[in-house]
Amino acid sequence: VAPFFQRLIARGASELPITDVRMTRFLITLNEGVEFVLSSLDMMHGGEIFVPKIPSMKMTDMAAAMAPGLATKVIGIRPGEKLHEMMISADDARNTVDLGDRYAIEPAFVEYTRAPLTGGRLADEFSYASDTNEDWLDAAGLMAMLAEEAAPKRRRRAND
């Protein structure tokens, strides 16, 4: 969503489209995502799904942070779109381990020998969703994240 908003703002948009005022999303930069994947490789035992612990943000707050004073327009939810992202459902919680900076959903069925991951087991009713997340990004945090993401692009252009 952030790159889409950035393009609209750069083009001089008079308003930013918001699907629904309740909508939330998890946020992670490309660099953070790559680092997460690489560090997860070292932890793998086989068959896990690793889930990063990352902040959430309301899309209305993102729009206000990126373009203070710019109007928003609610455009409505599209088919298949969700109001909130769900990374771990209550159904998956029984197979999920808390590893500190991430969760790991272990396979329910394993057809080979594998050691379980060491970490705290989650309660059966646990879920990890963007609207119930405990880590929320504020405007300053978003702007720092966007600046961090833009820095490598600026360095690449300067070297061209």
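**Exercise 1.** Which residues line the second largest pocket?

*Solution.* The model is predicted. Begin with the volume of the second largest pocket, about 190 Å³. Next, list its lining: Val 1, Phe 4, Phe 5, Pro 17, Ile 18, Thr 19, Met 23, Arg 25, Met 59, Ile 75, Arg 78 and Glu 81. Last, assign elements: helix H1 (2-10) and strand S1 (15-18) are the ones that give two or more residues to this lining.

**Exercise 2.** Find the buried residues of helix H3 (residues 59-66) and state where they lie around its axis.

*Solution.* Step one is the list: in H3, Met 59, Met 62, Ala 63, Ala 65 and Met 66 are buried. Step two is the view down the axis of H3, where these buried residues fall within an arc of 165°, so they line one face of the helix. Step three is the general rule: an α-helix has 3.6 residues a turn, so residues three or four places apart point the same way. Met 59 also belongs to the lining of the second largest pocket.

**Exercise 3.** Is Leu 41 buried, partly exposed or exposed?

*Solution.* First locate Leu 41: it is in helix H2 (residues 30-43). Its relative accessible area is 49%.

**Exercise 4.** What share of the chain is buried?

*Solution.* The chain has 160 residues, and 34% of them are buried. The chain holds 5 helices and 10 strands. Its C-alpha trace spans about 55 × 40 × 25 Å along the principal axes.

How values were computed: Residues are numbered from 1 along each chain as its sequence is written. This is a predicted model: local features need pLDDT of at least 70, side-chain atom pairs count only at pLDDT 80 or more; totals for chains, interfaces and linings use all residues. Side-chain values use heavy atoms; hydrogens and water are left out. Buried means under 20% relative accessible area, exposed over 50%, partly exposed in between (1.4 Å probe, protein chains only). Helices (H or I, at least four residues) and strands (E, at least two) are DSSP runs, numbered from the N terminus. The arc is that of the directions from the helix axis to the C-beta atoms. On a 1 Å grid over the protein atoms alone, a cavity is a set of points where a 1.4 Å probe fits but cannot get out, and a pocket is an open set with protein on both sides within 12 Å along at least five of seven lines; lining residues have an atom within 4 Å of a point. Grid points are joined across faces, edges and corners, and a volume is the space filled by probe spheres set on the points.
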